[in-house]
Amino acid sequence: MQVQRVVLDCRPGKNGEPSPGNFRLEQISLTPDLKDGEVLVRTLYLSVDPYMRCRMNEDSGADYLTPWQLSECVDGGGVGVVETSRCSALAEGDVITSFNWPWQTHAVVKGDGLQKVDPQMVDGHLSHFLGAVGITGLTALLGVREKGHVTKGANQTMVVSGAAGACGSLAGQIGRLDGCVRVVGICGSDEKCKALVEDLGFSAAINYRKEDVSARLRDVCPEGIHVYFDNVGGAISDIVIEQMNKGGHVILCGQISQYNKDVPYPPPLSDKTKEILQSRSITRERFMVLSYMSKAEAALFELSHLIKSAQIKVLETEVNGIENMGVAFCSMMKGGNIGKQIVKISD
């Protein structure tokens, strides 16, 4: 059978900005002669995520991330359906997901690398398994719970950067549900600000491209900032940390503003920011969701319930076609998405 796949054509360079031209679409012949333990899968949805920028370099900079190889098929989060199976744990028609799904329209993969999922958990919105009821949702929920120290009745204010993205849009809603009396989002457009406040229940939103972030934070966080869910790093994070209260907590989730730069992860802080953290006893510990996978099953069921009961709203930006993987990735890296960026491959 003829299938399409996306390979890494060239690297952007450690300090380079990725472009769709870094990826190449190919057509290959796939022989669906399965060995024991293998399945033929059809891809339904693929995910593009900020961490993938690190995989475009020869050295990803993280021991848990393998670099993509030139002229080889790219992989990441995916969800699909089993078309043929020689794996005892999977049957034709099963919906499955994986962190290492090849960017192909069809693929032959080992069944033990796939996780069977129940479409009822997401009311049939299968793309949610790559976002709100997947690793993104786990990152938001467990990040807030493990590092945020949110306490009902404590009159806490939470600020979220990258707030209109896949993770930030969920984290802010979780912070509100867990007890924060004020949740403020920082994002990059008026459209995103409107979505945060009107659709997701944020108390306020700040457009960092147009507004004075420091002045606006003082206006909308009159009690100071107790919890900061940091998705972006850089200058925005310096501004937020400067207004944090003593004993506050930074949830260090991502640093997307720094991913195109050749700096270690997490990137170094300014002397001023380091002094603020130390003098005010503010915790800032790197959060890695993979360290909390023992809590994943219960957390995913909770996320499913919160979404089904309309306590959390899920936003997605969807494009169609495997030929648009590179475009979708680069758009996401520049903030072109609201909520989770998804690419639909087939029905």
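Author: Before we start, domain bounds here come from an automatic or database domain assignment. Keep in mind that this is a predicted model.

Reader: Okay, so which domains is the protein chain divided into?

Author: There's a domain 1, made of two stretches of the chain, 2-131 and 314-344. The other piece covers 135-290. So, going by the assignment, the chain is divided into domain 1 (2-131 + 314-344) and domain 2 (135-290).

Reader: What distance separates the centres of domain 1 and domain 2?

Author: The two domains are in contact, with 22 residues from domain 1 and 20 residues from domain 2 taking part. Their centres are taken over C-alpha atoms, and the separation comes to 28 Å.

Reader: How many cavities of 30 Å³ or more are there?

Author: A cavity is a spot where a 1.4 Å probe fits but cannot get out. Counting those of 30 Å³ or more gives one cavity.

Reader: And how much space lies in the largest cavity?

Author: Its lining includes Gly131, Ala166, Val314 and Lys340. By class, that lining has five nonpolar, three polar and two charged residues. As for the space inside the largest cavity, the value is about 50 Å³.

Reader: Which helix gives the most to the lining of the largest cavity?

Author: Ala166, Ser169 and Leu170 are among the lining residues. The top contributor runs over residues 166-178 and gives three residues, and that's helix H3.

Reader: Why does the largest cavity lie where it does, relative to domain 1 and domain 2?

Author: Look at who supplies the lining: both domains give residues to it. The largest cavity therefore lies between domain 1 and domain 2.

Reader: Let's turn to helices. At what angle do the axes of H5 and H6 cross?

Author: H5 spans residues 213-220 and H6 spans residues 234-242. The contact is made by Val213, Ser214 and Leu217 of H5 and Ile236, Ile239 and Val240 of H6. By class, that's five nonpolar, one polar and no charged residues. The axes come within 10 Å and cross at roughly 35°.

Reader: Is the crossing of H5 and H6 left-handed or right-handed?

Author: We're still with the pair whose axes come within 10 Å. The crossing of H5 and H6 is right-handed.

Reader: What about H6 and H7, left-handed or right-handed?

Author: H7 covers residues 271-279, and H6 packs with H7 at about 35°, their axes 10 Å apart. Asp238, Ile241 and Glu242 in H6 meet Lys272, Thr273, Ile276 and Leu277 in H7. This contact has three nonpolar, one polar and three charged residues. The crossing of H6 and H7 is left-handed.

How values were computed
Residues numbered from 1 in each chain as written. Predicted model: local features only at pLDDT ≥ 70, side-chain atom pairs only at ≥ 80, totals over all residues. Heavy atoms only, no water. Axes fitted to C-alpha atoms, helices over the stretch in contact; angles between N-to-C directions. Helix = DSSP H or I, 4+ residues; strand = E, 2+ residues; numbered from the N terminus. Left-handed = near helix turned anticlockwise from the far one by under 90°. Contact = heavy atoms within 4.5 Å. Nonpolar A, V, L, I, M, F, W, Y, C, P; charged D, E, K, R; others polar. 1 Å grid on protein atoms, 1.4 Å probe; cavity = no way out; pocket = protein on both sides within 12 Å on 5 of 7 lines; lining within 4 Å. Points joined across faces, edges and corners; volume = space filled by probe spheres on them.
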